[in-house]
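I opened this structure to look up two things. The entries below keep the order in which I looked.

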Amino acid sequence: MAATSISSAANKLTNQTPSFPPQEKNSHPSPTCLSFSNSSISLQKLSFSTNFTNPNSRSSTAINVLKTAEASESVSRTRDPEPVGKSTKPTILVSEKLGEAGLDLLRSFGNVECLYSLSQEDLCAKISECDALIVRSGTKVTRQVFEAAKGKLKVVGRAGVGIDNVDLQAATEFGCLVVNAPTANTIAAAEHGIALLAGMARNVAQADASMKAGKWQRNKYVGVSLVGKTLAVMGFGKVGSEVARRAKGLGMHVIAHDPYAPADRARALGAELVSFDQAISTADFISLHMPLTPATNKILNDDTFAKMKKGVRIINVARGGVIDEDALVRALDNGIVAQAALDVFTVEPPPQDSKLVQHENVTVTPHLGASTKEAQEGVAVEIAEAVVGALRGELSATAVNAPMVPPEVLSELAPYVALAEKLGRLAVQLVAGGSGIQSVKVAYSSARDPDNLDTRLLRAMITKGIIEPISDAHINLVNADFIAKQKGLRLSEERVFVDSSPENPVESIQVQITNVGSKFASALSDNGNISVEGKVKYGVPHLTRVGPFSVDVSLEGNLILCRQVDQPGMIGQVGSILGESNVNVSFMSVGRTLKRTKAVMAIGVDEEPDKETLKKIGEVAAIEEFVFLDL
C-alpha cells in the first residue's frame, strides 16, 4: 500500500470532524481542542511484526466475526447512498446445483442467480456483481476470481466439507470469508465408506457385473470377512469417527491416526490412536478421511505402500489427491494392495482410459459420498444459513479462514467482542497526527488460569478496531491479521490475574499504544503510552479508565472527553452547551486523581456536535483540553 494513499485516506477520514485553534483567555491557560480531525496518523512508518497464531486444530470450530453491528453502522456512513429504486438486497451466485430448501432460504434474503457450468472466464466476468458465491467441488475459486470481484465478494460458501477448490490465501487477502458445510453430509459420507468397505470385501460390484454379462462365477468372487480384521482410520474427524463407530459394530478392531484427535475421544469410540507408520503397517483395511493439504498430498505413495501388509485393502471417500494413483496401480499389480474402493479421484471425472478405474480389483463410484437425499438437503440448508449469516455480519461457526475458536468459548466471549473492537477504535483516535503506530500492548485481567482463557477472537477484534479507522481499505476479521502483518503491526498480550469470580472469562481489557504522541494528553499513562481500559457491565461495553483517570461510560454512539479543573458546575456548563444545540447526552462520568485538582469528564452523545458547539465547549474556562471520538 502506497504511503501517500494511507496518508490521504487518514486525512480524509479525520477531516470529517472540525478542529479549532487554541482560544486566548484572560487569566486561564489556553485550552486545546483536540479532535479526530487533527489526526494524520501514518501507518506507512510501521515496520512491525505480529505474533498472531491460528492453530489448525480439528477439535476447534472456526469462528468468525465479519463485522459487528457498530462496525456495520460506521461503514454504512462512508458509503455512497444507493440510487433510488436500486435493490439493496445482496446478490448471491450459485454456480452448482443446490437443494431447493437452501435456495428458498437464500431467496428470502437476497437476489439469487443460479448459473451452472460457468467457465473461469465467465465466472470472473460475473463475480464483480456478486456479494456471495456458493460452490460445490466442481467450481475453482482462484485468485483470479477474487481479483475480478474487486472487493465486492464478501463470502464464498462451499456446499460440503473440502475447500481445496478455493484459494484461501487469496480469499483472506481480499477480505472474503470462506464458509463450508461440515456436518450435514457426515453420516452420508460415513455410510458410503462402510458400503464400499463391505462391498469391496465381498466383491459385490464385480460379481454384479459378471452376472449381468451372463456369467455365474461363485468361486472367482470369494470374499473376506470383516470380523476380527484391523481397520486403520486415517483422519479421525467427523466422518472418520463415524466410520470407526460403524466398523466397531461390524466386529472390526479399529486403530486410528490423526495428529489432532484427542486420545480420550478415540477411546470413547473404542479406537486406539497410533502413529502413521504403525497404522499403515498393521491394518488389513485402510480407510482415508483426511483433508487434501500440502502435507497429505500423495501421502499414500510407493514408499508408504511398501510398508503395508501384503493384501491390504484401501477405501477412499476423502480426497483423490491423497493417493498417488500411479503408485496405487503398481501396488495393485504386484499384490501389495489386494483391492481398492474409491469414491474420489485426483482429476474428476477421471480419464476414460484410466488404468486405476479400469483395474479389475478396484471398485469405483463417482464421488457419491454426500449423495443422499437427506444429505443434499441438509448441506443446502447448512451452507445457505452460513452464507446468509455472514452477509448479515453474524458470527459464523463454519468459517475456515478466520480465527479458530471453540463454540463454547465463542458463547462466553460474545459480550466482550464489541468491547475489544471499541477499545481499539477509541485508542487509535487518541493518537496525535503524524505519529507512527509501532506496537500495541493488550492486558486481559481475569481470575482464570491462562490456559483456560482463549483470547484469539478478542485480539482479532482489537486489531480490527485499531486498523480500520486509519486505513483506506475495508478491514474485517478475515483479513485483519493479514493487513496487520502487511503493515507490520506488533501486538503483544498479557494476562493479569485478579482475585474475582472465574465465572466471567475477562474482568477487564486494557489497550495501550506505545511510543506515540497523544492529542489528548490525559490519555497517557505513567509510562507514556496511550492507555484505555474497559469492561462489560450488564452485557454492554463500558469505558472504565482513560490514562490514570477512572471513568464509567457506556461505549455507545459518540464520546467527548474533557480534561478540566475539578470544580463545581462543570457538568452543567457542558451539558447546557450540548442541550442548546439539540445534542442529546446519554451519560456523563467524571474521574479525578485528587479532589479539586484535575478531572476527566466523559460525555456520551447520540449525535455528532457541529463545529460551533465543539468550539463553545473549548471556550469553557476550566476545560484545558478535549477530544471528540466517533465510536
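**Entry 1: the model.** I note at the start that this is a predicted model.

**Entry 2: helix H20.** I looked up which residues of H20, residues 611-618, are buried. I found Thr 613, Leu 614, Ile 617 and Gly 618. These residues span an arc of only 145 degrees around the axis, so they lie on the same side of H20. I then asked what covers the buried residues of H20. The cover includes strand E22 (558-565), helix H19 (570-580) and strand E25 (623-630).

**Entry 3: salt bridges, the count.** How many salt bridges does the structure hold? I have 23.

**Entry 4: Arg 107 and Asp 104.** The side chains of these two residues form a salt bridge, with 3.4 Å from N to O. Both belong to helix H3 (residues 100-107), where a spacing of three residues puts about one helical turn between them. I checked the accessibility of each partner. Arg 107 has a relative accessible area of 39% and is partly exposed. Asp 104, at 44%, is partly exposed as well.

**Entry 5: Arg 246 and Glu 242.** Here the N to O distance of the salt bridge is 2.7 Å. Both residues are in helix H9 (residues 238-249), four residues apart, or about one turn of the helix. On accessibility, Arg 246 is partly exposed at 27%, whereas Glu 242 is buried at 15%.

**Entry 6: Arg 448 and Glu 412.** This salt bridge has an N to O distance of 2.5 Å. I looked up where the two partners sit. Arg 448 is in the loop between strand E16 (439-446) and helix H17 (456-467), and Glu 412 is in helix H16 (residues 407-429), so the pair ties together parts 36 residues apart in sequence. Arg 448 counts as buried, with a relative accessibility of 16%. Glu 412 is partly exposed at 32%.

Notes:
Residues numbered from 1 in each chain as written. Predicted model: local features only at pLDDT ≥ 70, side-chain atom pairs only at ≥ 80, totals over all residues. Heavy atoms only, no water. Buried < 20%, exposed > 50% of the residue type's maximum accessible area, 1.4 Å probe, protein only. Helix = DSSP H or I, 4+ residues; strand = E, 2+ residues; numbered from the N terminus. Arc of directions from axis to C-beta. Contact = heavy atoms within 4.5 Å. Salt bridge = Lys/Arg side-chain N within 4 Å of Asp/Glu carboxyl O.
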